[in-house]
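User: I have not looked at this one before. Can you walk me through it?

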Amino acid sequence: MMNREAKQRRITGNGEEPYLWKDRPERRPTRRPSRPVRHYAPEPPRESREDQYKRYVGYQNRAVMYGTLIIVVLVLFMEIGKLSEISSQRKRINAIYEENKTLTAEIEGLEVQLCMETRPSIIKQKAGTIGMITPAENEVCVLRTVVRRTTDTAQTAESGTRAR
């Protein structure tokens, strides 16, 4: 059997020793280049005018869609605000109606009381309780009112009674 070196010499054909992977020199540390190397990506092909127009129209359509959406949302918020204002106004109106009912009932009660107070029989009865008397048929009562002008706008009045 042949040794390994002899076998390798025979394969290479010359008298040199074969290159073995163990014999390779150690790697040198890589040095940075003095100037950075730029690796540019290949430029994409330019868009045609038709494609540019389609993209532009697409942007316009999106802008119109978003603008419309914003306007719809704003109008919706405004309508909600109006509806809440209407409901608060309705509450106020209902409270006013209730107050109106109570005041109307009070007015009707006062009108009934006024009718009761203006009846002649009630007036005679109350006059008798405070000491007033009814004049006889042959007596005449005259009420006299004297008006004095103290200034152009103010007037004072005195009333007197005289029995005959």
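Analyst: We can go through confidence, layout and surface in turn. This is a predicted model, where local features need pLDDT of at least 70, side-chain atom pairs count only at pLDDT 80 or more, and totals for chains, interfaces and linings use all residues. Residues are numbered from 1 along each chain as its sequence is written, and side-chain values use heavy atoms, with hydrogens and water left out.

User: What does the protein chain average in pLDDT?

Analyst: The average is 79, and 66% of the residues score at least 70. pLDDT is the predictor's confidence in each residue, from 0 to 100.

User: Which element has the lowest mean?

Analyst: Strand β2 (residues 155-163), at 46, while α2 has the highest, 94. Over residues 154-164 pLDDT stays under 50. Where pLDDT is low, the predicted coordinates should not be read in detail.

User: OK, layout. How many helices and strands are there?

Analyst: Three helices and two strands, in the order α-α-α-β-β along the sequence. These are DSSP runs numbered from the N terminus: helices are H or I with at least four residues, strands E with at least two.

User: How much of the chain is buried?

Analyst: Buried residues are 1% of the 164. Buried means under 20% relative accessible area, exposed over 50%, partly exposed in between (1.4 Å probe, protein chains only).

User: And M65, where is that?

Analyst: M65 lies in helix α2 (residues 49-117). M65 counts as partly exposed because its relative accessibility is 47%.

Notes: Contact means heavy atoms within 4.5 Å.
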